[in-house]
Amino acid sequence: MSRSADIAVAAWEAVDAALSPIFGHNGVAALFYRSVYLSSVDHPWLIPIQTTQGRGTGPPLAALRSALTQRSEPEVATVNRMLLCRFREQLALLIGESLTDRLLRSIWSDICPEQPMQDETS
Amino acid sequence: MISTSSIICRLATGVPGMDEVLGGGLPEFSFNLIAGAPGCGKTTLAHQMMFALATRERPALYFTILGEPPLKMLRYQQQFEYFDPDKLNDSIRFVNLSEEMASGNLGLLMQRIVVQVEKYTPSLVFVDSFHSLSLVAQASEPEAGSLQYFVQNLAVLMTSWQATTFLIGEYFSGNDPNPVFTVADGLIWLRQSVQRNSVVRKMEIMKMRGQPTLPGLHTFRIGSDGIKVFAPANISVPRHSGPAPGLERLRMGVKGLDDMMGGGLPPGYSLLVAGPSGSGKSILASAFLSAGAVNGETGVIAAFEQRPNFVRPAAIADLIDSDRVGLIRPAVTDLSVDEIASLLLAEVRRLGATRVVIDSLSALELALAPTFRDDFRESLSRMLSALASTGVSVLMTSELEDRYTDLRFSPYGTAFLTDAIIVQRYVEIDSRLQRVLAVVKVRASAHSSQLRLFHIDDSGIKLDEMPPDQEGILGGRPTRRRLRAPTAATPVEMP
């Protein structure tokens, strides 16, 4: 089992835990699928994840894990960071930067240390 | 014994006008229903109250059930100024229960609510929306009165947790004997009333236990700062029945007119200036405000002329610029008199104004939503009483149709609502169109019965002497008085 895939899945679990109380698992899953869809243009190996849409509640972390474990460690880290950023962008488009920041602030530095919050000024 | 009865604290809702309508605020620990058709402002009302009321000491929980998806609700609600993102996950928590709801199990839903309430011990609880609950109740196994049982449980639970609770419901009709209605302490009904092309939002407090609510439908508006309710202006202060003794009368700003009115306008009076188009009503109104400014008084003018290039007299424009006269010029249509009254009263309070001008009643009526036109006189009377209770003197202008066969002072029957009346007319004298004015009425005061010619020049209205030999002027066709009247009545010719 790849360590990067574990980290990736743990990051999504943290996102789901932070946001699903507000938006519901379905709301988080919808944004997750949208991010996967946008990223699958460059990374077609993500497409299988999308076929699980509508089958359960919450982001399909099992499908994500099985897709990631077939890739190299560095690629997993890069792609997952891109997925997280896409997800954050999609959320910010809907509810605005400041609210997104507010909801994800506590977990973002742990799950995406290379990508500081955009409006973090202090 | 009154001293041992429980004291109910009332919460200020943070919605302007709403506390008055509720009869002094929202009773603490009450169980309320906000109902209305889609789009009538239920979620907005709930959010506005929540953001105003929630503090760290008084946290709020907002349960979203299968209503508006929370992603979109947060997207739209943050457009309003009351939305404070810093309160989120601090004094305000959103809890999504759509998945519990989808299971169709009201017992499970109640469990989840209890878990959250025990975890956060909120003082305010919102459940949005309730329509979806009743749908689930119908679909799930028909335990007798399952929804009523659920609501009753919820009400008891929330009251024992000392939480003020709001259920946000949809599509309810007032005739529908919904069990929720009997359980609720408060029923706040939101409506959109449609008449012709105009839509007006109205709020009704159908029930609020233990509160002297203001009955009736109260207009409200949703702006960028949220909901604003236009409660009927407070008219509890009794009107005085004559000129207050010891108070100086107000100068009208037209030389000679004060004498005609027995020394000026008694303070607190309302004066109707009626006349045909162009006769000089607005100029008289400007003179009235200027005379106040000379005396160090402030005023408020409500102008309803819709012409964008409307030129105000320079003197008034200066007073408005220097904030000695407040200008109320509603840019929106579909107004209600209560809304105008609340704008006027707020401006009177802000400036400490003593003089108010409404120019004109005719244009004001046009600016009203059709649904309010039928009640124009009633609401105007209420507005005048409210203004009178603040002690201001009001001058209103009114268009008067040119009619020479009868003597009219106002097309609305508004004349009796006012304390004083000045009428302006056109007359033909020596083949020229001339203006005359007369003081028709100054309640409880002597006044002149003269008709006076007047003209308007650069500095305003100038009273002139009447030609001594004219009569029948108000008929529009004065005749030269005969030098020697016939001594006996002319015999009437019978056919």
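The paragraphs below treat the sheet, then a helix lying across it, then a pair of helices.

This is a predicted model, in which local features need pLDDT of at least 70 and side-chain atom pairs count only at pLDDT 80 or more, while totals for chains, interfaces and linings use all residues. Residues are numbered from 1 along each chain as its sequence is written, and chains are lettered from A and ligands numbered from 1 in the order in which they are written.

In chain B, nine strands make up an open sheet of mixed pairing, in the order β14-β13-β15-β16-β12-β17-β18-β19-β20. Strands (E, at least two residues) and helices (H or I, at least four) are DSSP runs, numbered from the N terminus; two strands pair if DSSP finds at least two bridges between them. The edges of the sheet are β14 (325-328) and β20 (460-464) of chain B, each pairing on one side only. From one strand to the next, the twist averages 25°. Within the sheet, β17 (residues 420-429) and β18 (residues 432-442) of chain B are antiparallel and share 10 bridges; B:I421 has B:K441 in β18(B) as its bridge partner.

Helix α10 (residues 281-294) of chain B lies across several strands, including β12 (270-275) and β13 (299-303) of chain B, and runs at about 165° to β15(B). Axes are lines fitted to C-alpha atoms, for helices over the stretch in contact, and angles run from 0 to 180 degrees between N-to-C directions.

The axes of α12 (residues 337-351) and α15 (residues 376-389) of chain B come within 9 Å and cross at roughly 15°. α12(B) is therefore roughly parallel to α15(B), a term for angles under 35 degrees.

How values were computed: Parallel < 35°, antiparallel > 145°, perpendicular 65-115°, else oblique. Contact = placed C-beta atoms within 7 Å.
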